[in-house]
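Colleague: I am new to this structure and would like to know what stands behind the labels. Please show it, and I will ask about them one by one.

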Amino acid sequence: MEVLRPQLLIIDGRNYRKNPIQEKTYQHEEDDEDFYQDPMEYADEPCDAYEVEQTPQGFRSTVSAPNLLYEHIVGKRGDTRKKIEMETKTSISIPKPGQDGEIVIIGQHRNGVISARTRIDVLLDTFRRKQPFTHFLAFFLNETEVQEGFLKFQEEVLEKCCMDRGVDSSIFQNPKKLHLTIGMLVLLSEQEIQQTCEMLQRCKEEFINDISGGKPLEVEMAGIEYMNDDPGMVDVLYAKVHMKDGSNRLQELVDRVLERFQTSGLIVKEWNSVKLHATVMNTLFRKDPNAEGRYNLYTADGKYIFKERESFDGRNILKLFENFYFGSLKLNSIHISQRFTVDSFGNYASCGQIDFS
């Protein structure tokens, strides 16, 4: 990370500069919790940035967070909490493992309480980023016409390109799970799922209704592309999705949804625009039919998982099926889908949705 261009964290709609900290490497997994090694520096925090209550004993502030993250504020043997308390001259109360509740910070000085709150927020954000994605915003693309088109595509590819290196039936998507991803989410509690539902509803009221006209978006799924640079060594092949009327309304809609969720902090900002695509072939499926692309790369404690994969030669497929027509469909709902789940129709289970009409 460049000193002059530090990473920015968005917490509760506010931007923070994250300066480098020293992290030690341990041989044992349990030592990974000892994250908070040295004093952390923060951008100047205005006194009114947090709600701080004055009490007869001093000042008090509370932090709401999923209980799954509490252990990272406590730290190994309580060292992280003790260090923050000592350096900010505060007392921090954290619910016990498995219990819900708020983190409570109390202190004699307002600035000390604010400093402790800022440090806790940055730690929560840091460890949240290390959690594997749990949900995603998506359109389902599993209408009958598209599913039949996909099965025809699979049949013809296997018929005409089966001799090409790495091409076999195991790397094709499940047609019932065809979808168009808008963004990935880490939702660690029912409260956060509800918060996401409310945010999606506000998007509908504020701009989705205007873009969609209160009607489903009529789209076509046609043409294929690949993710990497070498068509002879492809890992992911996807179908392109575009508006039937040639307009940019679908792209505008998903980009504005992405922007709104990034601003709120519910989605980590990686891109400024959504790449509209529907995965039809993925080499991760070769060994794990339930694999979910590049998003299945971390364990719950943030450790990287190396997934060995065998690419395939996609040159003939791209030549023969460059403009393959999968079908048309009407996009009428955005779903909050839960990863690694299946509903009664064989699609991802939905935790909530908004409908355009």
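Colleague: Why is C161 called buried?

Modeller: This is a predicted model, and what follows is computed from it. The relative accessibility of C161 is 0%. Buried means under 20%, so C161 counts as buried.

Colleague: Is C351 buried, partly exposed or exposed, and what makes it so?

Modeller: The relative accessible area of C351 is 30%. That value falls between the limits of 20% and 50%, so C351 is partly exposed.

Colleague: Which residues does H135 contact beyond its sequence neighbours?

Modeller: Leaving aside neighbours within four places in sequence, H135 is in contact with M184, L185, L187, I193, I336, S337, Q338, R339 and C351. H135 itself is in strand β7, residues 135-140.

Colleague: Why does H135 count as buried?

Modeller: The relative accessibility of H135 is 4%, and the limit is 20%, so H135 counts as buried.

Colleague: What makes the approach of H135 and T134 a polar contact?

Modeller: Their side chains are joined at 2.7 Å. The cut-off is 3.5 Å, and for residues adjacent in sequence both atoms must belong to side chains. The pair H135 and T134 is a side-chain pair, and is listed as a polar contact.

Colleague: Where is helix α5 kinked, and by how much?

Modeller: The kink in α5, residues 190-212, is centred on E205 and is about 50 degrees. Among the buried residues of α5 are I193, T196, M199, L200, C203 and F207. Just after the helix, G213 takes a positive phi of about 70 degrees.

Colleague: Why is the aromatic pair of F150 and F172 called edge-to-face?

Modeller: An aromatic pair is described by the distance of the centres and the angle of the planes. For F150 and F172 the centres are 6.4 Å apart and the planes are at 75 degrees. The centres must lie within 6.5 Å, and planes over 60 degrees apart count as edge-to-face. Both conditions hold, so the pair of F150 and F172 is edge-to-face. F150 is in helix α4 (residues 144-161) and F172 in the loop between α4 and β8, 22 residues apart. Both F150 and F172 are buried.

Colleague: What makes the pair of F153 and F326 tilted?

Modeller: The ring centres of F153 and F326 are 5.1 Å apart and the planes are at 55 degrees. Stacked planes are under 30 degrees apart and edge-to-face planes over 60, so the pair of F153 and F326 is tilted. F153 lies in helix α4 and F326 in strand β12 (residues 325-331), so the pair ties together parts 173 residues apart in sequence. Both of these residues, F153 and F326, are buried.

Colleague: Which residues form the aromatic cluster?

Modeller: F150, F153, F172, F321, F324 and F326 form one cluster. The structure holds 9 aromatic pairs.

Colleague: What makes K177 lie over the face of Y348?

Modeller: K177 is at 4.8 Å from the ring centre of Y348. The distance limit is 6 Å, with a limit on the angle to the ring normal as well, and K177 is listed as lying over the face.

Colleague: What is noted about the phi of R77 and of K89?

Modeller: Most residues other than glycine have a negative phi. R77 has a positive phi of about 55 degrees although it is not a glycine, and phi of K89 is near 55 degrees. R77 is in the loop between α1 and α2, and K89 in the loop between α2 and β5.

Colleague: Why are R77 and K89 called exposed?

Modeller: Exposed means over 50%. R77 has a relative accessible area of 57%, so R77 is exposed. K89 is at 62%, so K89 counts as exposed too.

Technical notes:
Residues are numbered from 1 along each chain as its sequence is written. This is a predicted model: local features need pLDDT of at least 70, side-chain atom pairs count only at pLDDT 80 or more; totals for chains, interfaces and linings use all residues. Side-chain values use heavy atoms; hydrogens and water are left out. Buried means under 20% relative accessible area, exposed over 50%, partly exposed in between (1.4 Å probe, protein chains only). Helices (H or I, at least four residues) and strands (E, at least two) are DSSP runs, numbered from the N terminus. Contact means heavy atoms within 4.5 Å. A polar contact is a pair of N or O atoms within 3.5 Å; within protein, one must be able to donate a hydrogen and the other to accept it, and residues adjacent in sequence count only if both atoms are side-chain atoms. The bend at a residue is the angle between axes fitted to the seven residues ending there and the seven starting there. Rings of Phe, Tyr and Trp (its six-membered ring) pair if their centres lie within 6.5 Å; planes under 30 degrees apart count as stacked, over 60 as edge-to-face and the rest as tilted. A charge sits over a ring if NZ of Lys or CZ of Arg is within 6 Å of the ring centre and within 35 degrees of the ring normal.
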